[in-house]
Amino acid sequence: GALLVSERIDREELCGALSPCSLSFEIVVENPLELYSGTVEIQDINDNDPAFPSSQARLEISESVAAGARFPLESAQDPDVGINSLQTYQLSANPHFALDVQTRVDGSKYAELVLEKELDREEQRELHLVLTALDGGDPPRSAHVQIHIDVVDANDNAPVFNQSTYKASVRENTPSGTLVAKISAYDLDDGPNGDIVYSFSSHTPAKVRELFALDSATGELRVNGQLDYEETKLYEIYLQAKDKGTVPGVAHCKVLVEVVDVNDNAPEVTVTSVYSPVPEDAAPGTVVALLSVTDLDSHDNGLILVQVSDVNDNAPKSSQDSYDVYVLENNVPGIPILNVSATDPDLGRNAHLSYTLLQGDPTVGHLFSINRENGTLYLLTSLDHEERVEFNMMVQVQDGGSPPLATNVSVSVFVTDVNDNPPTVLYPHPNTTSTYMDVVAPGTPAGHMVTKVVAVDADAGYNAWISYTLLQATDPSLFSVGQHSGEIFTARQLREDDAPQHTLVILLKDHGEPVLSSSATVSISVAEMVKEVLTDLTDVAPANDPRRHVTFYLILAVILVSAAFFITMLSVGIFKCYKWRQSKELFNSSRSTVYRTPGPFHHIDAVRGGFTPPNFYHQVYLTTDSRQSDLLCKKPFTSSPLGSRQSTMRNGEPGLYHQIVGTASRVPAPAE
């Protein structure tokens, strides 16, 4: 199991500048079968000296060059890597130049001469310097180059690049001749001193010059060779611009070219070991072969994809288990009111969802529909809040798998109210031929409740809140109406000179938007005698009543029936005459001590329309021997809108109305 070196290893030959340098191998152990992977890292030793491209370098520098000017020098190359590679440069001592060592992106070093003291050609025509390159070995290895500097009369202006660094990216399979970048410089001089020639800088590596070509006239940098992302991912190219003066001015710039990876390497499958034949009784899980797959590309280009087929194992899932939708009544038919949203993590047809409206309530299918594909719920007809407030339904979301999976989502639609119903007057009854006359006695004090306007609004909430306003009146100063109750009160005490008949128009408004309204007409009579009221009621009755003949026949029928009944009961009456007289005497004696009879009165129903105010009670006192009796109206326990009917009505004419029979009657108040 020992791993041995079979021949001399040269790291620079195997890996070049690549670090770390490693060799991979695989070891198969049989019986039992096992596979091991291993890597041998080749470590560098300092066995190479730095080397300059040439032993001498010559520079021409104008005496007009200002201090601070930089001049790149030839870079030395050292095949070693890491600490053993080129680490620094040293310059021989001199009064004019200093050395500035820079580091490239890849970690390599290069040197630039920096002019610290301006040159004077009349004082010194040339300079001789020695540049030394040192690596980091122990002891360090070195190389030297002689630098000869000629001081010449200067060209006043050197070229200037419009930017110091250019950036570009190209795909590794880009064909030769493709434009990478275009550099541009300008020179303020005229003639040959202003003409610019572009070239590679002296410390641009030779391999870079082989892969890229630079047009000396236009500054266009183009691909000239085959790029390989797996070999180099970034190129740092140094370019210069010189004018054509006697002593040319020089400007320098840098172009960073990023190589973009393409999927140009197929996966490599290596069969390490195959066991064949396989016994027919081999247990599941027995190793048959060992495979390894590699791809030199990077990122997604280097993955191996294994497709996993989908199974319909996920039911659709809605973002909400239930939805509450609020729709204004009187809506436009066909509008969308909801989008039921659901997802299915499966793929393909297993994730294709369809939406169905379950027919639980038969009315739902006539009022609502749902788009099968996108789950949009539509309202087909116009809804009425007063007819129905809420609809409940179930939406089923089903996928396209086999068998399909489904999820149910409950939807509640609430119909919100719109102010589309005006107040409806219940009392006094509108649109009838009968006239309802409320009576108030003369001298009634201020604040007395005469009657009440009763109304309802079919809307809900604020839309059904009714307010009452006195719109018109025969005498506006005599009556007032409660804003929220509809109760009509006397605003002042009634006087003898007040009109006997009053007509009030009450405006009823709700609080919706827009406001809807209706009106009620109330007739009030100021009278003390029953005859006055009856006369007024007769005056306001319709002139041509088609029912008057029917009334006549009804009266005639009643008379005939009464006559027959009288003849039948006459014989029975004679037999009980004695008891009747005893009852008369007992009743007369009781009445003389308990009841006070102001005079002969006939009973009359003051409310001919048939409406009895709430909490209002009638108490009737009768005599047994006379058709004349006294009707006393007891004051109600609470305020009544028909309180004016409390007054005793006198001087009734006999025979005009039926006599009231009984002792007391109580009529319950109708609900508002």
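**Briefing on a predicted protein chain**

Among contacts in the protein chain (heavy atoms within 4.5 Å) between residues at least 6 apart in sequence, 67% join residues at least 24 apart. This is a predicted model, in which local features need pLDDT of at least 70 and side-chain atom pairs count only at pLDDT 80 or more, while totals for chains, interfaces and linings use all residues. Residues are numbered from 1 along each chain as its sequence is written, and side-chain values use heavy atoms, with hydrogens and water left out.

**Whole chain**
- The protein chain holds six helices and 41 strands, which are DSSP runs numbered from the N terminus (helices: H or I, at least four residues; strands: E, at least two).
- Of its 672 residues, 35% count as buried, meaning under 20% relative accessible area with a 1.4 Å probe, protein chains only.

- An open sheet of four strands has the order 31-38-37-34, with mixed pairing, where two strands pair if DSSP finds at least two bridges between them.
- Strand 31 (437–440) and strand 34 (467–473) stand at the edges with a single partner strand each, so one side of each is left without a neighbour in the sheet.
- Strand 34 runs antiparallel to strand 37 (residues 501–509), and six bridges join the two; Ser467 has Lys509 in strand 37 as its bridge partner.

**Val5**
- Val5, which lies in the segment before helix 1 (11–15), is exposed, with a relative accessible area of 62%, where exposed means over 50%.
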